[in-house]
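Morning, everyone. I have one structure to show you today.

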Amino acid sequence: QVQLVESGGGLVQPGGSLRLSCAASGFTSFYYTIGWFRQAPGMEREGVSCISTSDGSTYYSDSVQGRFTISRDNAENTVYLQMNSLKPEDTAVYYCATDDGNLGYYSSMCLRPSLMGSWGQGTQVTVSS
C-alpha cells in the first residue's frame with residue numbers, strides 16, 4: 001500500500017548535477033528504510049543510496065560515495081538524491097524503494113534490492129554529451 005513516486009530525472013552532461021525526488025505515502029510503520037536503486041540496460045538492479053528513518057544513518061555504494069547525497073524531508077515526506085559530478089556510467093533508470101519497515105535491526109542492509117518491499121515507477125537519468 002506504500003506509494004512511491006520518483007521525479008527529477010533527465011538528460012545532463014558529464015560533470016553536471018541532478019536532484020531526484022521521491023514522494024512517499026502510505027507507510028504503516030513509523031521507522032523504515034528508503035533509498036535509491038538503479039538499473040542500466042543489460043545490468044542487474046543495484047543499490048545506490050539509502051537512509052534509515054530511525055537514526056538517520058545513510059549508506060552509499062562505492063561507485064557513488066562522495067558524489068551523491070541522500071536526504072529526507074520529513075515535512076514533505078520526500079526523499080532526495082543529490083547527484084553531482086555525474087558520469088556516463090551513472091546512466092540508468094533510478095527507482096525509489098523502501099523496506100516497508102521490515103529490516104528493523106538490519107537497516108544497514110538497505111542497499112540490497114531483494115530486501116525492498118515497495119518500489120516506485122522509476123525515472124530515467126541519462127548522462128551524455
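Over the face of which ring does Arg 45 lie? That ring is Tyr 95, with Arg 45 at 4.0 Å from the ring centre. Arg 45 also lies over the face of Trp 119, at 4.6 Å from the ring centre. The rule here: NZ of Lys or CZ of Arg within 6 Å of the ring centre and within 35 degrees of the ring normal.

A word on the source. This is a predicted model, where local features need pLDDT of at least 70, side-chain atom pairs count only at pLDDT 80 or more, and totals for chains, interfaces and linings use all residues. Numbering runs from 1 along each chain as its sequence is written, and side-chain values use heavy atoms, without hydrogens or water.

Back to the rings. Tyr 95 and Trp 119 form one aromatic cluster with Phe 37. Rings of Phe, Tyr and Trp (its six-membered ring) pair if their centres lie within 6.5 Å; planes under 30 degrees apart are stacked, over 60 edge-to-face, the rest tilted. That rule gives four aromatic pairs. One of them joins Phe 30 and Tyr 31, edge-to-face, with 4.9 Å centre to centre and 85° between the planes.

Are these two buried or exposed? Phe 30 counts as exposed because its relative accessibility is 66%. Tyr 31 is partly exposed, at 46%. The cut-offs: buried is under 20% relative accessible area, exposed over 50%, partly exposed in between (1.4 Å probe, protein chains only).
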